[in-house]
Amino acid sequence: MRILLIEDDEILIDALRQTLTSQHYVVDTVKDGRSGWDYAQSAEYDLILMDVGLPGLDGISLCQQLRSQGCSTPILLITARDATSDRIRGLDAGADDYLIKPLDLSELQARVRALLRRGTVPSSPVLQVGKLRLDPSTVQVSYGDQPLNLTPKEYSLLELFLRNPSRVFSRGQILQHLWTFDDPPLEESVKAHVKGLRQKLKAAGAADWIENVYGIGYRLKEGVGHQDPQETERSPLAPPASLLPPRPPSTEHQFNQAMEGLWTQYQGLIAQRLEALQKAATAIQAGKLTKPLRQEAGKAAHKLAGVLGMFEKEAGTLLAREMEQILLAPGMLLPEQEQRLLTLVQELTQLLNLAEMEASLPPEGAQLLLVDADPELQ
Ligand code: CA
């Protein structure tokens, strides 16, 4: 499934790309509304994920423009916490759903899955044909008891076929759905990936499930899976799950590690934003807070509020949001507001230092997630 991401905050862009690619979606990214419009015109996206606050053309106007041109791709908006009116205007403009910053990334994944499910038959969260089972929430594929170890592209191909059971996809259409502009495939790529997928399906017991429609393309062969026995329970002769080959490392575990990497990678940028706030605090103490300094600090607070919660630093988001409200409000700052700002800057500084130590602790929960992902144990 191919997603267009329109977002201007670099930390958010990386975090969103990370979370979406961990689910095997392919993502094109643009940083302003006008490029978003151009991209949406030039490819067949399965979903558009966009921020409301964008340079050039804002998300709501872009949404309106897309809908008035007949674009029916699901649109998921990202809005700021306090902007209730943005959410209403966004939904009125034709957006399908919205998410509030700072983003809860597992919620984001769930909303994306829900939107991609719309219009697909059957609209069940797990895609299943006979004994073949693809679960988009765990990004795992199995045939009967046997897990299939697919590459991301093989997984995406299978997902595309399972979501559109009777449709024939030409190679061009497959390219449209599964590759981005940054990652243009070779002519033979689709063929090679289909071949890989077929081999793995065959090895698992699902031979000839992907049909070659001569001169047109590929599709899921009609009627496959029906000859499978109705009961899907394990026969007494089959080995218990504990004797099966180990599952590939949990996708969620890999993702958590990637997010920790992101946090480390962006410490510099976060420190810069914090510095803008510290500068404003110093200026307040000296009685010299200028308008540009105040504005810059306000913007920094806004950006911090948008991302800290995503790294499990919800307390930081709360502090940043309160600073943003004080700094970006019209009129002079009252003495008690200045005092409050100083306290908030101090608290945020402490919290982020503390957070650095937390981030270096080993990741937790991998075992738990593995158990959770196993349908046998649910
Ligand atoms: Ca923005």
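Guide: A residue is called buried when its relative accessible area is under 20%, exposed when over 50%, and partly exposed in between (1.4 Å probe, protein chains only). The model is predicted, so local features need pLDDT of at least 70 and side-chain atom pairs pLDDT 80 or more, while totals for chains, interfaces and linings use all residues. Residues are numbered from 1 along each chain as its sequence is written, and side-chain values use heavy atoms, without hydrogens or water.

Visitor: Which protein residues are the donors of the calcium ion?
Guide: Donors are N, O and S atoms within 2.8 Å of the metal (3.2 Å for Na, K and Ca); water is not among the atoms, so the site may look incomplete. The donors follow the spacing D-x42-D-x1-G along the chain. They lie 2.2 to 2.4 Å from the ion, and they are Asp8 (OD), Asp51 (OD) and Gly53 (O).

Visitor: Is glycine 53 buried or partly exposed?
Guide: Aspartate 51, also a donor, has a relative accessible area of 3% and is buried. For glycine 53 the relative accessible area is 44%, so this residue is partly exposed.

Visitor: Which residue forms a salt bridge with aspartate 51?
Guide: A salt bridge is a side-chain nitrogen of Lys or Arg within 4 Å of a carboxyl oxygen of Asp or Glu. Aspartate 51 lies in strand E3 (residues 47-51) and its partner in the loop between E5 and helix H5 (105-117), so the pair ties together parts 50 residues apart in sequence. Both residues are buried. With the closest N and O atoms 3.4 Å apart, the partner is lysine 101.

Visitor: How many residues apart in sequence are the parts tied together by aspartate 9 and arginine 273?
Guide: The side chains of the two residues meet in a salt bridge, 3.4 Å from N to O. Aspartate 9 is buried at 9% relative accessible area, and arginine 273 is buried at 7%. Because aspartate 9 lies in the loop between strand E1 (2-6) and helix H1 (10-22) and arginine 273 in helix H10 (residues 267-285), the separation is 264 residues.

Visitor: Which residue in E5 stands opposite isoleucine 78?
Guide: Strands E4 (residues 75-79) and E5 run parallel and are joined by four bridges, and strands pair if DSSP finds at least two. In E5 (residues 97-100), Tyr98 and Ile100 form the uncovered face, and the covered face holds Asp97 and Leu99. The residue opposite isoleucine 78 is leucine 99.

Visitor: Which residues are linked with Asp97 in a network of salt bridges?
Guide: Asp97 belongs to the covered face of E5. The structure holds eleven salt bridges. The residues linked with Asp97 in a network are Glu107 and Arg111.

Key
Helix = DSSP H or I, 4+ residues; strand = E, 2+ residues; numbered from the N terminus.
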